[in-house]
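Dear colleague,

Please find below the structure that I am handing over to you, together with its sequence.

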Amino acid sequence: LSGKFYGAVIENFEITNREQFDYSIAVEAAAGNKLFFYLVENDAVAAQLIEIMKRERIARVTFIPLNKVRARPRQYPRGNVDVIPMLNLLDYDADAVPGIAAALAQIFGNTLIPKDLDIGYDYAM
């Protein structure tokens, strides 16, 4: 391969639990099957892997070439303890996987975790 293969998205971050809450179900629900997309260094690696998969007749997968990911800047509520941006709950090693911050922002950047259903309803409306 002409670059690096980093594995599935789910293998490249951990969930920080705050205030005795387990956010893993919320993270899984927000990301859905994107947790099983594969991170690769660039689109050339993805193309090479697709060719290998075609030749070996391996099932279909989705690649995220990290050189192509661009995260949009997001504005989150400031100073508000009622909601937590989901990105703030994720720990990852940006040195080991360059570009992972943008990939995770693309997947989780629009997701806020409310402290209760009423607050979640207010933000949704």
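Accessible areas come from the Shrake-Rupley method with a 1.4 Å probe, and for residues only the protein chains shown count as cover. On that basis, the protein chain exposes about 8,400 Å², of which carbon and sulfur atoms supply 51%.

The model is predicted: local features need pLDDT of at least 70, side-chain atom pairs count only at pLDDT 80 or more, and totals for chains, interfaces and linings use all residues. Residues are numbered from 1 along each chain as its sequence is written, and side-chain values use heavy atoms, with hydrogens and water left out.

Helices (H or I, at least four residues) and strands (E, at least two) are DSSP runs, numbered from the N terminus. The protein chain has four helices and seven strands, in the sequence order β-β-α-β-α-β-β-β-α-β-α. Its C-alpha trace spans about 50 × 30 × 25 Å along the principal axes.

Of the 125 residues in the protein chain, 33% are buried, where buried means under 20% relative accessible area, exposed over 50%, and partly exposed in between (1.4 Å probe, protein chains only). Contact means heavy atoms within 4.5 Å; among contacts in the protein chain between residues at least 6 apart in sequence, 77% join residues at least 24 apart.

One residue deserves a separate note. Arg 57 lies in the loop between helix H2 (43–56) and strand E4 (63–65). Its phi is near 55°, a positive value in a residue other than glycine. Arg 57 counts as exposed because its relative accessibility is 77%.

Yours sincerely
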